[in-house]
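Reader: I have a new structure open and would like to learn how to read it. Could you walk me through a few features?

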Amino acid sequence: MVEADRMRVSVIGTGYLGATTAACLAEMGFEVLGLDVDEAKIEMLRSGRVPFFEPGLDELLGKSLKSGRLNFTTSFSEVAEFADLHLICVGTPQRDESGAADLRYVNAAVEQLAPHLNRPAVVVGRSTVPVGTAATMASRLAALAPVGEEAELGWSPEFLREGFGVEDTLRPNRIVIGTDSPRVEKAVRALWQQQVDEGVPFLVTDLQTAELVKVSANAFLATKISFINAMAEVSEVAGADVIQLAEALSYDDRIGGKFLGPGLGFGGGCLPKDIRAFMARADELGVEPALSFLREVDAINQRRRARTIDLARQLIGGSFAGRTVTVLGAAFKPNSDDIRDSPALDVASTIASLGAQVTVYDPVALERARAEHPQLNYADSMLEAARGADVVLLLTEWTEFREANPDELAAVVAQKRIVDGRNALDPTFWRASGWTYRALGRQ
Ligand code: NAD
């Protein structure tokens, strides 16, 4: 293996996580080769186009390609030849109704890479996996690689947030590497030396702890969101205001204000599938009761979607049949075009299935939404989407929606009724403009 400061890195899987990682590592000065099995994606990346929306990534990709430090391929033999350190960033979606993680892409990545490893190499998994996966992958790698145990595997979970991917990769809040191999530790430390020098905590754990850090962090975050949404449920019937409640809680620094925003709840390609996979794994390990609370966390989250639909139905007199409904937002959260398990699209689809004409607008996620939900109508602007609406639902809190002008919107809708599914608007302001305003957790 070459010296750490001259280390060449491959990134296997160039989706949200991998493409961001690859461009950031090239920005940090490493020579990087990104690999994906999706040829169209690799073509796009080669030509400097990011296949998804991530603020700042376009610029970084262009810069890194130009510098010559970043290249892309679909060939496993090429990455094996090129790199000393391989980062596995492939997807681990939900497998089926059981909720368990689908590990076929992680298995395939290891199995496709290993036979090409003719010299000592370090392979580090970054995907989110059920505890126990890394140990299995380490044995599989050593069994399949021509260099045998000189191909070593560690696991270093990734904590980046979509929408802040570049920032979070360049300045992570911690780096965790699960390994008992000094060589793996040395390679991962070299990768993040700059950040470690700047004070970013660097934790070395065993494989299982590293895997668990990621899933338990996501379980905690999901629990915090569902906690405040449970308080919203109680507030609605008790006559309280969950926004004031959340604010008052947030000043307690043992609690803090982050992830304490009541509303439609979480979605996306991580939290929902990660808590389900965690429960499924606990079941396999025989410790199902330890995580049974996550079932309730998931249920509270799903109930917020149903409650949002109920609020809209009440506002239009009890039935969606033949009504015109506007949904603002398609992405699972603002600053992203990711629509995986998007609460906004879930609500929009359910309302459409109940007989309404639903028109959706989102600043960046329309193309993806159109491809996946062709039964919905789409508009290219907020005002166009709201034309003739019997009710408007704000379901993704993009700044554009937060800053919407109630008078402008009033001029195009049929009825001034709005459901604020994200508690993103000022009710007093909207009511003053004549709107009937409803939100989750408030009167
Ligand atoms: P993604 O679906 O956007 O990307 C996965 C990529 O892997 C795809 O481009 C796919 O073509 C590619 N792939 C599949 N099989 C492959 C193989 N055998 N070889 C090479 N490439 C292959 O998924 P993502 O959102 O980037 O997530 C990847 C992993 O990172 C998941 O485990 C996820 O839970 C985790 N994670 C994601 C985020 C996030 O914000 N998206 C944050 C932290 C961790």
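Predicted model: local features only at pLDDT ≥ 70, side-chain atom pairs only at ≥ 80, totals over all residues.

Reader: How many bridges join β13 and β14, and in which sense do they pair?

Author: In general, the strands of a sheet pair through backbone hydrogen bonds, in either a parallel or an antiparallel way. Here β13, made of residues 417-420, runs parallel to β14, and four bridges link the two. You can pick out Asp420, which stands opposite Ala439 of β14.

Reader: Which strand pairs with β13 over three bridges?

Author: That is β12, again in the parallel sense.

Reader: In what order do the six strands of the open sheet lie?

Author: The order is β11-β10-β9-β12-β13-β14, with parallel pairing. β11 (377-378) and β14 (436-439) are at the edges; each has a single partner strand, so one side of each lacks a neighbour in the sheet. Helix α13, residues 292-315, packs on this sheet and touches β9 (324-328), β12 (391-394), β13 and β14. The direction of α13 makes about 170° with that of β13.

Reader: Which way do the residues of β13 point, and are they buried or exposed?

Author: Arg417 and Val419 point one way, while Ile418 and Asp420 point the other way. All of them are buried.

Reader: What does the UniProt record say about residues 326-427?

Author: An unreviewed UniProt entry annotates them as "domain: UDP-glucose/GDP-mannose dehydrogenase C-terminal". In the model, this span is 32% helix and 18% strand, and its end C-alpha atoms are 19 Å apart.

Reader: Now a helix, please. Which residues of α11 are buried?

Author: In α11 (residues 242-250), they are Val242, Ile243 and Ala246. Their arc around the axis is only 105°, so they sit on the same side of α11. Gln244, Glu247 and Ala248, on the other side of α11, are exposed. Among the elements covering the buried residues of α11 is α10 (207-238).

Reader: And the ligand: which residues come nearest?

Author: There are 27 residues around the ligand, and the nearest are Gly13, Gly15, Leu17, Ser127 and Thr128. Both α1 (16-27) and α5 (104-113) supply at least two residues of the shell.

Reader: Which helix gives the most to that shell?

Author: It is α5, with four residues.

Methods:
Residues numbered from 1 in each chain as written. Pairing = 2+ DSSP bridges. Contact = placed C-beta atoms within 7 Å. Axes fitted to C-alpha atoms, helices over the stretch in contact; angles between N-to-C directions. UniProt positions renumbered as here; feature names shortened; annotations may be inferred. Buried ≥ 20, exposed ≤ 12 C-beta atoms within 10 Å, placed from the backbone. Arc of directions from axis to C-beta. Near = placed C-beta within 6 Å.
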